[in-house]
Amino acid sequence: MTLANNITDTALIFEGGGMRASYTAGFVNTLLENGIYFDYVAGISAGASHSINYLSRDTERARKSFVDLMLNSEIGGWLSFLRGEGYFRAHYIYEETHYPDAALPLDFETLMANPARMRIGAFETESGRMRYFTKDDIGDVHDLVKIVRSSSTLPFFMLPTQFQQKIYIDGGLGCGIALDIAKEDGFSKFFVVLSRPRGFRKKPFKIPAVIKAYFRKRPHVADATLNCYVTYNQTLDELEELESEGKAFLVVPETMPVTSMETNFDKLQESYNLGYVQGQRDLSSWKEFLGVE
């Protein structure tokens, strides 16, 4: 299989955001349906799922991952949480749905054949550092889905993920927007898909003692949880500055009808539709920034 990409000077970055990704999945499919193929893709948390769906060029999976999958009772819920499996059952969602006859079949061959570079960020609990996985870390599809799970494991609501003898949780603790690795990889132009409306900034936790107590056995996680708002807000400030300089295009939801924990199918379908309509409406400005017709 021979695949080609037509955007080679710009990094595509997908922010996370849990089920807010139902909205930004509409942006993913706008890119794919219009043949806008980036040669570099970086994602964190829900943005990691966007990344593999985009790289495998699978519009159906992009939508189902954050809409249709919620119709499946296996994803979890409060009973699952009380059983100690997490509110979202990460093992099922990431490691049992990718098979050909399962809920979210993954075209692993197309993804790996895509020449684009891929970066997926996860927070390593023992070192307290972000790790950005690449295709070189993937031996087979099981490695890939484990990496995506590692990036997406929401603290408190999902069980931590073990991969290659290390424990990972949601890459959002390291910021949630993979601008740092894209810059490190040599890019100075960025197309960034965000999952909150323009002007949003995170606020510090009001009761830090609760976080410190909950993560007492993982102090790096506690520190990252309490301080991630600083890095996140600084990154947004930097992105807005890059935008003003014409070096970044920020794809920002004009509204956000769902929370990161939403599981209602109808609300998620509406969210996806809103994102898709916005993407179609804004497509011409995307193309102008990217220099494609």
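Asp136 counts as exposed because its relative accessibility is 76%, where exposed means over 50% relative accessible area, buried under 20% and partly exposed in between (1.4 Å probe, protein chains only). Asp136 sits in the loop between β4 (129-133) and α7; helices (H or I, at least four residues) and strands (E, at least two) are DSSP runs, numbered from the N terminus. Asp136 and Arg117 are 19 residues apart in sequence, and their C-alpha atoms are 10.0 Å apart in space.

A word on what you are looking at. This is a predicted model, in which local features need pLDDT of at least 70 and side-chain atom pairs count only at pLDDT 80 or more, while totals for chains, interfaces and linings use all residues. Residues are numbered from 1 along each chain as its sequence is written, and side-chain values use heavy atoms, with hydrogens and water left out.

## Cavities and pockets

Let's turn to the spaces in the model. On a 1 Å grid over the protein atoms alone, a cavity is a set of points where a 1.4 Å probe fits but cannot get out, and a pocket is an open set with protein on both sides within 12 Å along at least five of seven lines; lining residues have an atom within 4 Å of a point. Grid points are joined across faces, edges and corners, and a volume is the space filled by probe spheres set on the points. Two cavities of 30 Å³ or more are counted by this rule.

| Space | Volume | Residues nearest the centre |
|---|---|---|
| Largest cavity | about 280 Å³ | Ser49, Ser65, Phe66, Ile93 and Tyr94 |
| Second largest cavity | about 100 Å³ | Leu194, Arg196, Pro197, Arg198 and Leu236 |
| Largest pocket | about 790 Å³ | Leu154, Pro155, Arg196, Lys202 and Phe205 |
| Second largest pocket | about 360 Å³ | Phe156, Pro160, Tyr214, Phe215 and Arg218 |

The largest cavity is lined by 22 residues: 14 nonpolar, seven polar and one charged. For these classes, Ala, Val, Leu, Ile, Met, Phe, Trp, Tyr, Cys and Pro count as nonpolar, Asp, Glu, Lys and Arg as charged, and the others, Gly among them, as polar. Helices α2 (46-55), α5 (90-95) and α7 (141-152) each give at least two residues to the lining of the largest cavity.

Around the second largest cavity, the lining has seven nonpolar, one polar and five charged residues. Helix α10 (residues 219-244) provides the largest share of that lining, three residues.

The largest pocket has 31 lining residues, which divide into 17 nonpolar, eight polar and six charged. Both α9 (208-214) and α10 supply at least two residues of this lining, and α10 gives the most, with five. The second largest pocket has 17 lining residues, divided into 11 nonpolar, two polar and four charged.

Helix α10 deserves a look of its own. Its 26 residues reach 38 Å from first C-alpha to last, close to the 38 Å expected at 1.5 Å a residue, the expected span being 1.5 Å times one less than the number of residues. There is also a kink of about 50 degrees in α10, centred on Asn227; the bend at a residue is the angle between axes fitted to the seven residues ending there and the seven starting there.

The buried residues of α10 include Val221, Leu226, Tyr232 and Leu236. They pack against several elements, among them β3 (117-124), β6 (166-169), α8 (179-184) and α9, with contact meaning heavy atoms within 4.5 Å. Thr225, also in α10, counts as buried because its relative accessibility is 8%. Leaving out residues up to four places away in sequence, Thr225 touches Leu173, Phe205, Ile211 and Phe215. Just after α10, Gly246 takes a positive phi of about 80 degrees.

Helix α11 (residues 265-290) bends by about 55 degrees at Asp282, and Asp282 is one of the buried residues of α11. The cover over the buried residues of α11 includes α1 (21-33), α3 (59-64), β7 and β8.

## Positive phi in two loops

Most residues other than glycine have a negative phi. Ser45 has a positive phi of about 60 degrees although it is not a glycine. Ser45 lies in the loop between β2 (40-44) and α2, and counts as buried at 5% relative accessibility.

Phe156 also is not a glycine, and has a positive phi of about 75 degrees. Phe156 is placed in the loop between α7 and β5 (161-163), and is partly exposed, with a relative accessible area of 39%.
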